[in-house]
Amino acid sequence: MENEFTTEIYYDDDADVSTLNDTVAVLGYGSQGHAHAQNLHDSGVDVVVGLHEGSSSRDAAESDGLTVKTPADAVAKASYVSVLVPDTVQPTVYENAIEPNLEAGDTLQFAHGLNIHYNQIQPSEDINVTMVAPKSPGHLVRRNYNNDEGTPGLLAIYQDMTGEATDEALAYAKAIGCTRAGVIETTFQEEVESDLFGEQAVLCGGVTALIKAGYETLVDNGYSPEMAYFECLNEMKLIVDLIYEDGLNGMWDSVSYTAEYGGMTRGDDIIDEKVRENMEETLEEIQNGEFAREWILENQAGRPSYNQLRKAEKNHEIEEVGEQLRDLFSWAEEE
Ligand code: NAD
Ligand code: MG
Ligand code: MG
Ligand code: MG
Ligand code: MG
């Protein structure tokens with residue numbers, strides 16, 4: 001297939017849902033699980049949802065018209081297993097419910113490559129290991145499907161034991177609506193490392209740190225918390241929306257000449273060489289496994305640092321100011 005991108009992109013015509021001609025087990029019924037299971041079912045695939053006996057999601061899955069079994073029984077019945085329980089519990093579920101019930105030639109599929117890439121799950125060589133990862137939260141995967149729209153996704157093949165791993169993963173991607181929008185081929189390594197880097201350096205970590213640093217700089221210099229909140233947090237969404245819709249230059253075209261000149265001359269002073277070096281270090285810790293080791297140990301210890309960090313973020317002044325202002329401007333939510 002020819003395209004202008006460096007990677008392969010698959011669409012509906014590249015996939016055939018009937019390739020999935022045996023039961024698919026969807027383990028977990030959270031954000032991704034409920035969307036995959038229902039979309040697969042509506043696409044004519046035989047689905048069984050795997051949830052443990054006490055799970056509060058059982059009722060939801062059953063009232064959505066799906067068959068529910070224990071994870072172990074679901075894996076035993078299926079030959080295609082989609083692992084959509086939280087990443088932190090996947091190794092335990094794999095050990096207890098999945099591995100003992102897998103047969104040679106089965107497929108183990110993920111929506112994120114973390115546990116495979118960092119060897120927290122070490123699958124035997126006689127199965128396929130694949131990834132189909134929608135680039136969107138589950139409720140949108142479901143809503144888009146119902147609206148005859150697609151959700152862009154990623155596809156990766158870690159092990160192809162049967163020679164059919166790609167065709168089956170494409171069939172799955174089509175059945176959940178991803179090939180309607182386009183599915184980009186990647187590797188487990190690339191998906192995991194770029195995902196972790198993006199969320200740490202730019203999206204979740206970078207953006208919140210930038211907002212807080214800007215807010216604190218204004219407030220420390222005597223500006224009012226309300227003004228600082230609007231300038232450094234509230235307007236972030238407006239700018240990001242413009243960038244999302246029309247690219248960086250679409251945003252530059254929409255702001256004032258003063259904002260454009262000031263932003264272009266001062267942006268690189270703020271995100272300077274030191275920040276680039278910090279980013280290189282963050283990427284290195286992802287690549288050499290240091291971050292993954294830290295997070296695994298943190299979980300084993302009951303998440304002491306995580307809980308402390310969460311508390312500190314809840315108590316940040318910008319959160320109090322924001323709560324009050326968002327209440328005052330609650331009409332904005334109704335739009
Ligand atoms: P989630 O937390 O929304 O749902 C997980 C579900 O797993 C729960 O609803 C529950 O039904 C079940 N579960 C929880 N603990 C369990 C246990 N101990 N045993 C059995 N079942 C259990 O998870 P999610 O966000 O849908 O993530 C699932 C996978 O999808 C992850 O690998 C994640 O990285 C990936 N992913 C998520 C998103 C997203 O936007 N949420 C996007 C792309 C990929
Ligand atoms: Mg089976
Ligand atoms: Mg991501
Ligand atoms: Mg992530
Ligand atoms: Mg302004």
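Two residues are said to be in contact if their C-beta atoms, placed from the backbone, lie within 7 Å. Among such contacts in the protein chain between residues at least 6 apart in sequence, 66% join residues at least 24 apart. The structure is a predicted model, in which local features need pLDDT of at least 70 and side-chain atom pairs count only at pLDDT 80 or more, while totals for chains, interfaces and linings use all residues. Residues are numbered from 1 along each chain as its sequence is written, and chains are lettered from A and ligands numbered from 1 in the order in which they are written.

To begin with the overall picture, the C-alpha atoms of the protein chain fill a box of roughly 65 × 50 × 45 Å along the principal axes. The chain has 16 helices and nine strands; these are DSSP runs numbered from the N terminus, with helices being H or I of at least four residues and strands E of at least two. Of its 335 residues, 31% are buried, a term for residues with 20 or more other C-beta atoms (placed from the backbone) within 10 Å of their own.

The chain is divided into domain 1 (9–186) and domain 2 (191–334), with bounds that come from an automatic or database domain assignment. Their C-alpha centres lie 32 Å apart. Where the two meet, 12 residues of domain 1 are in contact with seven residues of domain 2. On the domain 1 side, α5 (114–117), β7 and β8 (153–159) each supply at least two residues.

Next comes the interior. A nonpolar core is a set of buried Ala, Val, Leu, Ile, Met, Phe, Trp, Tyr and Cys residues joined through C-beta atoms within 7 Å. The largest one has 60 residues, and Val49, Leu155 and Ala173 have the most contacts inside it. Helix α7 (residues 165–175) gives this core its largest share, seven residues. Both domain 1 and domain 2 give residues to this core, so it lies between them. Leaving aside neighbours within four places in sequence, the contacts of Leu155 include Met131, Val132, Ala169 and Ala173. Apart from this core lies another, of seven residues, among them Tyr215, Tyr229, Cys232 and Val321.

Finally, there is the ligand. Ligand 1 is surrounded by 23 residues, the closest being Gly28, Gly30, Ser31, Gln32 and His112; a residue is near a molecule if its C-beta atom, placed from the backbone, lies within 6 Å of it. Both α1 (31–42) and β7 (128–134) supply at least two residues of this shell, and the largest share, three residues, comes from α1.

Notes:
Buried ≥ 20, exposed ≤ 12 C-beta atoms within 10 Å, placed from the backbone.
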